[in-house]
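Subject: Structure handover

Hello,

Here is the structure I said I would pass on. My notes on it follow below.

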Amino acid sequence: MAGYYDDVYEIVCRIPRGRVSTYGRIAAMTTVPRGARGVGWALHALGPAQARHVPWWRVINAAGRISNEYHAALQRALLEAEGVVFDERGSIDLKRYLWDGTTS
């Protein structure tokens, strides 16, 4: 899985500051286009050193919400520090913040 995980990390590293992508959109850019769970597993597998360089916090679910149950508060704080705004329900406006996958 290392090759697949490395592909995921390379794509996630392209998400610009202040933007987000979804697990499914990242998966669609890999060799496993329907593998949203695999993207989640790859991000969960990041070691502490890798997590400082791969912006895992920029990946959210398709509903525009954080689904990382282990580090949800940290993920939200990191996104807010980049200017991403959450509504009163804890959702991100994907029309405003979703990365189109072409720019970095």
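Setting aside neighbours within four places in sequence, Ser91 is in contact with Ala63, Gly64, Arg65, Val85 and Phe86. One of these partners, Arg65, also meets Ser91 through a polar contact between the two side chains, at 3.5 Å. Ser91 itself sits in the loop that runs between helix H5 (72-81) and helix H6 (94-97). Is Ser91 buried or exposed? Its relative accessible area is 7%, and because the cut-off for buried is under 20%, Ser91 counts as buried. Please keep in mind throughout that this is a predicted model.

Aromatic residues

There are 3 aromatic pairs in the structure. Tyr4 and Tyr5 make up a tilted one, with 6.3 Å from centre to centre and 55° between the planes. Tyr4 has a relative accessibility of 10% and is buried; Tyr5, at 18%, is buried too. Trp56 and Trp57 form another pair, which is edge-to-face: the centres are 5.8 Å apart and the planes are at 85°. Both Trp56 and Trp57 are buried. Tyr4 and Tyr5 also belong to one aromatic cluster together with Tyr9.

Helix H3

Which residues of helix H3 (residues 36-44) are buried? They are Gly38, Val39, Ala42 and Leu43. These residues span an arc of only 140° around the axis, so they lie on the same side of H3. The face of H3 turned away from that buried side carries Arg37, Trp41 and His44, which are exposed.

Arg25

Arg25 belongs to helix H2 (residues 23-28). With a relative accessibility of 34%, Arg25 counts as partly exposed, because that class covers values between the 20% and 50% cut-offs. Once neighbours within four places in sequence are left aside, the contacts of Arg25 are Leu98, Trp99 and Asp100. Arg25 and Ala62 are 37 residues apart in sequence, and their C-alpha atoms are 8.6 Å apart in space.

Overall build

The protein has 6 helices and 2 strands. Read from the N terminus, the order of elements is α-β-α-α-α-β-α-α. How compact is the protein for its length? Its radius of gyration is 13 Å, close to the 13 Å given by the globule rule for 104 residues, so the protein is as compact as a globular protein of that length. Along the principal axes, the C-alpha atoms fill a box of roughly 40 × 25 × 20 Å.

Of the 104 residues, 41% count as buried. Among contacts with a separation of 6 or more, 63% are between residues 24 or more positions apart.

That covers my notes.

Regards

Key
Residues are numbered from 1 along each chain as its sequence is written. This is a predicted model: local features need pLDDT of at least 70, side-chain atom pairs count only at pLDDT 80 or more; totals for chains, interfaces and linings use all residues. Side-chain values use heavy atoms; hydrogens and water are left out. Helices (H or I, at least four residues) and strands (E, at least two) are DSSP runs, numbered from the N terminus. Buried means under 20% relative accessible area, exposed over 50%, partly exposed in between (1.4 Å probe, protein chains only). A polar contact is a pair of N or O atoms within 3.5 Å; within protein, one must be able to donate a hydrogen and the other to accept it, and residues adjacent in sequence count only if both atoms are side-chain atoms. Contact means heavy atoms within 4.5 Å. Rings of Phe, Tyr and Trp (its six-membered ring) pair if their centres lie within 6.5 Å; planes under 30 degrees apart count as stacked, over 60 as edge-to-face and the rest as tilted. The arc is that of the directions from the helix axis to the C-beta atoms. The radius of gyration is taken over C-alpha atoms; the globule rule is 2.2 Å times the number of residues to the power 0.38.
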